[in-house]
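Dear colleague,

I am passing on a structure to you today, together with some notes on what was found in it. Please open it first and keep it beside you while you read.

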Amino acid sequence: MRGKSNHKGFGHGGLRWVVLHLIAQKPRHGYELIKAIQEMTNGDYSPSAGMIYPLLTELQEKQLIRMQVCAEDARKQSYQMTELGHQVIDAYKEHIQEILNRINIRAQQPKLVIDTLHILKKEVREVLAGRPLNAEEAEIFVNALKTAATTLQQLKQDTRVKTSTATLDKKPYRVRHHLKFRIVTVQDIFNISPSLIRIVFQGEDLADFKSESFDDHVKLFFPDAATGHLLKPEMTEQGLKFADDIKPITRDYTPRLFDLDAKTLAIDFVIHDAGPATKWAQHANIGDQIAIGGPRSSMVIPMVYQHYVLMGDDTALPAIARRLEELPASAQATVIIEVNSPADEIVLDSAAKVQVTWLHREGQASGQVTLFQQALQNLSLPQQNYFIWLAAETQVARQLRKILVEQYQVAKHAIKAAGYWQRGTSSAHTVIDDE
Ligand SMILES: Cc1cc2nc3c(=O)[nH]c(=O)nc-3n(C[C@H](O)[C@H](O)[C@H](O)COP(=O)(O)OP(=O)(O)OC[C@H]3O[C@@H](n4cnc5c(N)ncnc54)[C@H](O)[C@@H]3O)c2cc1C
């Protein structure tokens, strides 16, 4: 896409990408977009309504966004992404990330720098519009700008080395999604390994399914085990409401693969000793119905790292496999996965350069840290530009994060750790932050 905007680090055409990025985060009104851009630029840039609304019309004409009338007030309209819009921003996500990084860096510049730049631009404009300069004045003008340009070139060369990796916006960021309750039907069932069953769900409700991060989760709502009856809630302002407050059993699972054209979603179920979700997956039949809620949001780890370390047990395997499939050829990944035995290893596809270590429990109980601890002794972490993601039993994930921070001096912001289940507890999800 081409365009004219070249404001405050946006670059040519950048405003379009920023507007699409903001609408992809959540549906927004035109004035909310103006406010969000003001905030992003630290108040340095506020696109006018005369710029934003024609741009929104253009994006609608290109079918990248659509307008929806606000339920509470028909005079208000918000804009949301179309499927084509999502595909386009997905295809250009690295370009968009670059624009966001530029805007972010520019927004962090000291106020004095920005004010001085405005003064300089104003003075240049006024001198050039005043009257034709004579030869002597022209020389003064050129020399003044040349001196400034040379100084800035030196500054740029000095800082380029320092900022090339350090100032990229690498922080994971959250994208919220409209909460939806979907009824889906089992279309296919495969045994991927002795301990992993893939169930492919299909349904019209999946036509607008969204999952932007490999470690997203959906909530599966299981039918009543005795009657097979699937409880359907009402969507209220407070969330899902079930009749008589009788809630079905729910568990969290990773959206492993989805296809919006075929309206399918595949989920890989780990088979362990007990639990309604496991039991349901083991006895599922083609044609069975289940309900799916979410993902409510995605915590996106930007694809800007050179090296990814991915660690976890069987329950993390779907997310790890999905991440590996998404990584570009330029990335490297070190993967440590614990399963029961060599028979439980699965094929992992990736364009990236991947080194996988499989750990085998060989019949020992899952949810123990020992095998991971041993594997960490052989782990050599890169010097910089890496991100560690790990998920396992809660205590195991907690201990691993502690070891990485305390013994390996990994910066806390370079790790995302989660408990995907907890020994002796049902349906546990623990985000392990600073504890
Ligand atoms: C964000 C997120 C994503 C997840 N993605 C997946 C996924 O893609 N595939 C997947 O299989 N699981 C995944 N899990 C884990 C899954 O939600 C739990 O394992 C869940 O507890 C299984 O439900 P259940 O009904 O079988 O057992 P529950 O009724 O929840 O638990 C019954 C008993 O089994 C134990 N238990 C639970 N899980 C395990 C296990 N894996 N191994 C050994 N004992 C266990 C519990 O401690 C409890 O004592 C994910 C969890 C989270 C939080």
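The notes below take up the domains, then the ligand, and then the strands.

This is a predicted model, in which local features need pLDDT of at least 70 and side-chain atom pairs count only at pLDDT 80 or more, while totals for chains, interfaces and linings use all residues. Residues are numbered from 1 along each chain as its sequence is written.

The domain assignment, whose bounds come from an automatic or database source, divides the protein into domain 1 (14-107), domain 2 (111-166), domain 3 (174-297) and domain 4 (302-432). The centres of domain 1 and domain 4, taken over C-alpha atoms, are separated by 35 Å. An unreviewed UniProt entry lists "domain: FAD-binding FR-type" for residues 176-302; its positions are given in the numbering used here, feature names are shortened, and annotations may be inferred rather than shown by experiment. Across residues 176-302 the chain is 43% strand and 6% helix, with the end C-alpha atoms 16 Å apart. Helices (H or I, at least four residues) and strands (E, at least two) are DSSP runs, numbered from the N terminus.

Where does the ligand lie? Domain 3 and domain 4 both give residues to the shell around the ligand, so it lies between them. A residue is counted as near if its C-beta atom, placed from the backbone, lies within 6 Å, and of the 27 residues around the ligand, Thr254, Val270, Gly275, Ala277 and His429 come nearest. At least two residues of the shell are supplied by each of β10 (250-253), β12 (264-270), α8 (276-283) and β19 (415-421). By class, the shell has 13 polar, 9 nonpolar and 5 charged residues, where Ala, Val, Leu, Ile, Met, Phe, Trp, Tyr, Cys and Pro count as nonpolar, Asp, Glu, Lys and Arg as charged, and the others, Gly among them, as polar.

As for the strands, two of them pair if DSSP finds at least two bridges between them.

Elsewhere, β7 (residues 218-221) pairs with β10 in the antiparallel sense over 4 bridges, with Val218 opposite Tyr253. β7 is also joined by 3 bridges to β13 (residues 289-293), again antiparallel, and there Phe221 has Ala291 as its bridge partner.
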